[in-house]
Amino acid sequence: MNPRRAAGAVLGTAVLLCLVAGVAVTALGVRVEGTSMSPTLHQGDRILVAPGSAGEAHRFDVVLLRATGKDALLVKRVIGLPGDRVAVVSTPEEPFQVLLQEGGRGPVYRVVAPQWTAQARRTGACCAPDGTRSTRPGLRTVPDGAFFYLGDNPDLSDDSRAYGWGDLGRVEGRVGLRAFPVGSAREIGNRPVLEEYRGPSP
């Protein structure tokens, strides 16, 4: 094969692979709607789910789920797992402090996520016995088979505070990577960390 034909074959193969990849992303990717996960995920992003991850939730992962009593597909971040105790404490100075006691024992930690600090302005408290908003903050135990989830843009997110505990059986998978737009970071970042909580116990 002469060099010109070889180059044409390579170019044709590359174009075909790009077309196949584009079709796969369109067919298999899930389009993000709304701004509840901003700045981690944006309106129009396409995300891919890790194979075999349905029905699973690991702390601080981003998952696709269907809220109890709601058929729409949500993209949210897992915060509390079965047996954990969770709360949201708000003050005028710090309107969104998420608290977590792992396994319901030991120290209470503050869940720290820079994206929350940068965006949270509305005060509010959590949690009621079903995991929803409450008039006063209270540490509540996440039931077996359930989890507590939030959006990365807390002021504009309908999450456990609106729908109650998530059902592990309604998790459709862990978000593995961002497939579109091309050139954006593939990894799902902004993972929170735990730090010691020094405030009063709710």
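Let me start with Asp 159. Its relative accessibility is 0%, so Asp 159 counts as buried. Keep in mind that this is a predicted model.

Where does Asp 159 lie? Look at the loop between β11 and α3. Strand β11 covers 146-150, and helix α3 covers 160-163.

Now its surroundings. Set aside the neighbours within four places in sequence. Asp 159 is then in contact with Lys 76, Tyr 149, Leu 150, Gly 151 and Gly 164.

How many aromatic pairs does the structure hold? There are three. I'll show two.

Phe 147 and Tyr 149 come up here. Their ring centres are 5.5 Å apart. The planes meet at 45°, so this pair is tilted. Are these two residues buried or exposed? Phe 147 has 0% relative accessibility, so it counts as buried. Tyr 149 is also at 0%, and is buried as well.

Next, Phe 148 with Trp 165. This pair is edge-to-face. The centres are 6.0 Å apart, with 65° between the planes. Which parts does the pair tie together? Phe 148 belongs to strand β11. Trp 165 belongs to the loop between α3 and β12, the latter being 166-167. So the pair links parts that are 17 residues apart in sequence.

Accessibility for these two. Phe 148 is buried, at a relative accessible area of 0%. Trp 165 has 12%; the cut-off for buried is under 20%, so Trp 165 is buried too.

Last topic, the disulfide. A disulfide is a covalent bond between the sulfur atoms of two cysteines. The structure holds one. Which cysteines form it? Cys 126 and Cys 127. Their sulfur atoms are 2.0 Å apart. The link is right-handed, with 95° about the S-S bond.

And its accessibility? Cys 126 has a relative accessible area of 0% and is buried. Cys 127 comes out at 1%, so Cys 127 counts as buried.

To recap. Asp 159 is buried and lies in the loop between β11 and α3. Phe 148 pairs edge-to-face with Trp 165. Cys 126 and Cys 127 form the disulfide. That's it from me.

Key
Residues numbered from 1 in each chain as written. Predicted model: local features only at pLDDT ≥ 70, side-chain atom pairs only at ≥ 80, totals over all residues. Heavy atoms only, no water. Helix = DSSP H or I, 4+ residues; strand = E, 2+ residues; numbered from the N terminus. Buried < 20%, exposed > 50% of the residue type's maximum accessible area, 1.4 Å probe, protein only. Contact = heavy atoms within 4.5 Å. Disulfide = S-S within 2.5 Å. Phe/Tyr/Trp six-rings, centres within 6.5 Å; stacked < 30°, edge-to-face > 60°.
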